[in-house]
Amino acid sequence: MTKSLLTLTALSALTLVGCSESEPEFSVNQITVSDFAYTMNEQPAVSITFGKDNDNFCDVTLYRDDIVQGFSSTLENKSSGNLSSSCTWNKAYYVQSSKHPTLAFLTIDKLDKVNQTANIKASLKLVNSKTLDDFFEIDDVEIKVSGEQFMNLITKPVE
C-alpha cells in the first residue's frame, strides 16, 4: 500500500474542541487519498486523510460513486451511512456514534478533471472512543486536492 503526501493549504481555520479550552489548533499540513482497492459496506470506496502530521489527522471515507461535483452528505448521530469518519489527535481516537451528538458533513464543491483539482469541504464532530464525553470538532474545512492525489481520488484502482 503506497501513500503519497501532498502539502495542503487550509483555507479555513481548524480547531479542536474538547473539555479543555487550551487545546492546540488543528492545522492541515498534509493530505493522502487512498490509491488501492478499498470497500465500505462491500462497495468501492476512497479514503481521504488530512491533518497536521502522521500522528494528528482525520480520515473520511466515501463511496467512489459519490466522487462527483456537487455531492453532499450529512450524517448526524449515526455510526454508519455513506460516510465514515474518524480522527486521531494527541493519541486519542474520535469516532462517529449513534448514541452521542456526532456529525459528519462532506461536500465536493469542485471536481475539475482538466486542471486535476478538487475542492472538498468537511465538518466533523466526533466523540472520544474511550471516554465517550470528549469531542473533536472541525468546521468548514476546505481541502484542495491536486496532482497525484487528485488522480487517486477519481481513479478506481484495479482489485
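Biologist: What are the ground rules here?

Modeller: It's a predicted model, so local features need pLDDT of at least 70 and side-chain atom pairs count only at pLDDT 80 or more, while totals for chains, interfaces and linings use all residues. Residues are numbered from 1 along each chain as its sequence is written, and side-chain values use heavy atoms, with hydrogens and water left out.

Biologist: What makes Cys58 and Cys87 a disulfide?

Modeller: The cut-off is a pair of cysteine sulfur atoms within 2.5 Å. Cys58 and Cys87 sit at S to S 2.1 Å, so the pair passes. A search of the whole structure finds one disulfide.

Biologist: Why is the disulfide called right-handed?

Modeller: Because the torsion about the S-S bond of Cys58 and Cys87 is about 105°. The pair links distant parts of the chain, with Cys58 in strand β4 and Cys87 in strand β6, 29 residues apart. Strands here are DSSP runs (E, at least two residues), numbered from the N terminus.

Biologist: How do you know whether Ser86 is buried or exposed?

Modeller: Buried means under 20% relative accessible area, exposed over 50%, partly exposed in between (1.4 Å probe, protein chains only). Ser86 has 13%, so it's buried. Both Cys58 and Cys87 are buried too.

Biologist: And what makes Asn41 and Asn90 get their labels?

Modeller: Asn41, in the loop between β2 and β3, has 52%, so it's exposed. Asn90, in the loop between β6 and β7, has 47%, so it counts as partly exposed. Asn41 has a positive phi near 50°, and Asn90 has a positive phi of about 50°. Most residues other than glycine have a negative phi.

Technical notes. Helices (H or I, at least four residues) and strands (E, at least two) are DSSP runs, numbered from the N terminus.
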